[in-house]
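Work through the exercises below with the sequence and the model open. Each task is followed by its solution.

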Amino acid sequence: MKTITSFCVSILLLCMAQATNAATTITFWTTETQSERMKTIQLILDTFEALNDDIKVKLVPVDENDVPTQMAAATSAGNVPEVVEMGSELAVAFGSEGLMDHQAHASLIRQIGRDEFFKGALQLTTSPEGNAYALPYHGWVQGIWYRADWFEEAGLAPPNTWYNILKAARHFNQPRKNQYGILIGTKADSYAEQVFTQFAISNGAREFDANGNLVFNSQAMREAVEYYNELQQFTPPGPQTWRARDYYLQGKLAMFFYSTYIMDDLSLAEVAAGSLTGENFELLQGGTFDSNLVNNTKMVPSFKNTQDSSYGVIVTLGITKNNDSAKTNAAKRLVSYLYEEDAYVTFLHMAPGGMNPVLRSIARSSKFMNDPKGIFKHYGKEKMYEIIEGLDNLQKFEIVEGKMIPASGEIFAKQIIPQMLYKTHFEGAAVQDAMNCAEGEMRKVMNQ
């Protein structure tokens, strides 16, 4: 009896070992390093493993700024993660270096359906040859949030063209009543860069062409700078940044530039409280929460002069090249699962408004609309879709026709463009002189 029992135990242990050995283990890097988000992602992965008992997923948090150095170290050690969540710029950089599995990405895009993706999000992650560096997963959109009730009363068209924007800014600007037409960035910071980028691209202006040649000092760019300077006179006084959203929440502003991260401020009193004080600006006395503001607000995610343009950030899911086909197949199954509605919506709801879907069907999904904070119900399904649809026209200076321009990132970090805008508005510099100076600084960056 003892011998039989020992034999059975041995067989059981052998079977358990074989089951363990049969499972393919892959590593998933995420830049969502906050503890609560890590718990949510781990729950999603636990569910995936329960449905796929032949795959084990190791979740590893990596700070976004550390991804390049960590990837270099992993590549040298032969320990590259199979799946990486990362910004589109990194996806393009790694894809250009030959680290990403274009075929795996193409297969998944076909499986999901190319037309399901908002095209701008997909274009930001596609090489000039049409290869997918990664799959877009979520992102935020910047645009013009405006008082639709004021516009309707004044008989003005939505601010979706340069002409309409300027006309409305001029019409609503009444500084004697402490009311202003529009908020754009007038301080030398990243907010001004983000706002100006959308204007520049909407006029066909670029920093670089697809071959990496500096083309900043162009007629199209000059027109954008001159137009931006004209708009600045209708912005609240002083060098302004995103903080001046307070003017809008206190009923003193017709239009302002902001990302979809503003959605909870407009809809939830407890979130809006920080913008309803008189502490941030001498000209604002504070106010009470306007529960109708969210209903009276609309957002233009894309506008044009010579072409449509929207600005935002895309986070991707990338599968790295691997000689082990079992690991590649496991990675594809994981990524495919992350696009399934329940898993996808759970992921997106970690940051309602900050994480928007890149799939059209999910943007219209009732499950997506039912976020845990109850934000989206204040906007409604159609308005939400109109906002997220800005991903169709998403463009950035750093990526031109599927090519990453590293110098553009350095130019952004050194705030060369917002410093140029500050000089033309607050220091009285002539536009062409300021552009010449900015071009000189850009060439210094390129020659480093």
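**Exercise 1.** Find which members of the largest nonpolar core touch the most other members.

Solution. A nonpolar core is a set of buried Ala, Val, Leu, Ile, Met, Phe, Trp, Tyr and Cys residues joined through side-chain atoms within 4.5 Å. Buried means under 20% relative accessible area, with a 1.4 Å probe and protein chains only. The largest such core has 134 residues, and Phe28, Trp145, Phe199 and Tyr339 touch the most other members. A second, separate core has 13 residues, including Trp29 and Val62.

The model is predicted: local features need pLDDT of at least 70, side-chain atom pairs count only at pLDDT 80 or more, and totals for chains, interfaces and linings use all residues. Residues are numbered from 1 along each chain as its sequence is written, and side-chain values use heavy atoms, without hydrogens and water.

**Exercise 2.** Decide whether His105 is buried or exposed, and list its surroundings.

Solution. First, His105 is placed in helix α5, residues 102-112 (a DSSP run of H or I, at least four residues, numbered from the N terminus). Next, His105 is buried because its relative accessibility is 0%. Then, beyond residues up to four places away in sequence, the contacts of His105 (heavy atoms within 4.5 Å) include Met100, Tyr133, Leu317 and Ile319. Finally, the His105 side chain comes to 3.3 Å from the backbone oxygen of Tyr133.

**Exercise 3.** Identify the residues through which α5 meets α15.

Solution. On the α5 side they are Ala104, Ser107, Leu108 and Gln111; on the α15 side, Lys332, Val335 and Ser336.

Conventions:
Buried < 20%, exposed > 50% of the residue type's maximum accessible area, 1.4 Å probe, protein only. Helix = DSSP H or I, 4+ residues; strand = E, 2+ residues; numbered from the N terminus. Polar contact = N/O pair within 3.5 Å; in protein donor to acceptor, adjacent residues only side chain to side chain.
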